[in-house]
Amino acid sequence: KIDQSENIALAGVQDAGIQDLSSAISDSEPRYSFFRYRHEVDGQQKDSVIFIYTCPSGSKVKERMIYASFKKVVMDTASAEAGFEVAKKIEASSPLEVTPEMIEEEFQPRVEQKQGFARPKRPGKR
């Protein structure tokens, strides 16, 4: 959380699972959140850190500008001082947009099958 004098402070620490993540993030003020996501890659358990920046549309313009400009500083500080290696970055206008499906899709994107070019059918006779 960034206070009135533009100092960055830890708003809190919560042990939230992927299902409870959106309810753990403030929906009234912009927030930076770090979430440790446990997932499986090639049969092995892996922990990845996700940086989540939420900025509700109802927040003050000054707050939005400050949070947007401090985003890189917060990520660099977390990396240098806490040793976080951020695997993914997510930006959302509301915590409700941060769903388990969205996070899973970030780590296991859908594979689209390409179809060959289908020759268009010739127009009918008049």
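**Notebook: strands and pockets**

I looked up S33 and found its bridge partner in β2, I52. The model is predicted, so to speak of local features I need pLDDT of at least 70, and 80 or more for side-chain atom pairs, while totals for chains, interfaces and linings use all residues. Numbering runs from 1 along each chain as its sequence is written, and side-chain values use heavy atoms, without hydrogens and water.

Next, the strands. β1 (31-41) pairs with β2 (44-54) in the antiparallel sense over eleven bridges. Strands (E, at least two residues) and helices (H or I, at least four) are DSSP runs, numbered from the N terminus; pairing needs at least two DSSP bridges. I checked the hairpin: two residues lie between β1 and β2, and D42 has a positive phi near 50°. β2 also pairs with β3 (86-92), in the parallel sense, over six bridges. There, F51 has K89 as its bridge partner in β3.

Then the pockets. I take a pocket as an open set of points on a 1 Å grid over the protein atoms alone, where a 1.4 Å probe fits, with protein on both sides within 12 Å along at least five of seven lines; lining residues have an atom within 4 Å of a point. I counted 31 lining residues, with L10, G12, Y32, S33 and F34 nearest the centre. β1 gives the most to this lining, seven residues.

The second largest pocket has about 260 Å³. α2 gives the most to its lining, four residues.

Definitions and conventions:
Points joined across faces, edges and corners; volume = space filled by probe spheres on them.
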